[in-house]
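Hello,

Here is the structure I promised to pass on. Please have a look, then read my notes below.

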Amino acid sequence: MKYKDLNSSNIIDIMLEEIPELKKTFEAYKKQDNLSLIHNVFAFVFNPFLKDSLISKNEKRLKNAFNFLERMASSSDPEIKNILGVTIIESLSPKQLNIFLLHAGPRTKKVYEELEKHLQSIFKR
């Protein structure tokens, strides 16, 4: 199946289509914020869902989340990969990151590896 490329103008709608469990949280968040930053939507709507799914090991939710993350990693829009790396991956605790990497697809892992390489060059980790 050919998917529409994710970009800054369609990512929220596609996220809500692919992960309908997020609609209620998104609607509540939308009442508190004017959706000025896509990063905030992911920080306050997607990330809690992902972290809860990682800890609870809910396979259905994990499958939906990681299919969507793989789409993000495949996007031609650099901002989408930035959201994946900075807003999502960097928010994970070490324990969550270990579980995350067990489920991540090849493109998502590549974004993680590129992020780690970049951070190591800055901070000499």
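First, a term: a nonpolar core is a set of buried Ala, Val, Leu, Ile, Met, Phe, Trp, Tyr and Cys residues joined through side-chain atoms within 4.5 Å. Buried here means under 20% relative accessible area.

Please note that this is a predicted model. Mean pLDDT for the chain is 91. A value of 70 or more is reached by 94% of the residues. Among the elements, α4 has the highest mean pLDDT, at 96. The lowest belongs to α7, at 87.

Now the core. The largest one holds 39 residues. Those with the most contacts inside it are F42, F46, L50, F68, M72 and F100. Two or more residues come from each of α1 (11-18), α2 (23-32), α3 (38-56), α4 (59-74), α5 (78-88), α6 (94-103) and α7 (106-123). The top contributor is α3, with eight residues.

What does L50 touch, leaving aside residues up to four places away in sequence? Its partners are A65, F66, L69, I88, L92 and F100.

F100 leads us to α6. Which residues of α6 are buried? They are Q96, L97, I99 and F100. These four lie on the same side of α6, because they cover an arc of only 165° around the axis. That buried set packs against α3, α4 and α7. The face turned away from the buried side carries exposed residues: P94, K95, N98 and L102.

Best wishes

Methods. Residues numbered from 1 in each chain as written. Predicted model: local features only at pLDDT ≥ 70, side-chain atom pairs only at ≥ 80, totals over all residues. Heavy atoms only, no water. Buried < 20%, exposed > 50% of the residue type's maximum accessible area, 1.4 Å probe, protein only. Contact = heavy atoms within 4.5 Å. pLDDT = per-residue confidence, 0-100. Arc of directions from axis to C-beta.
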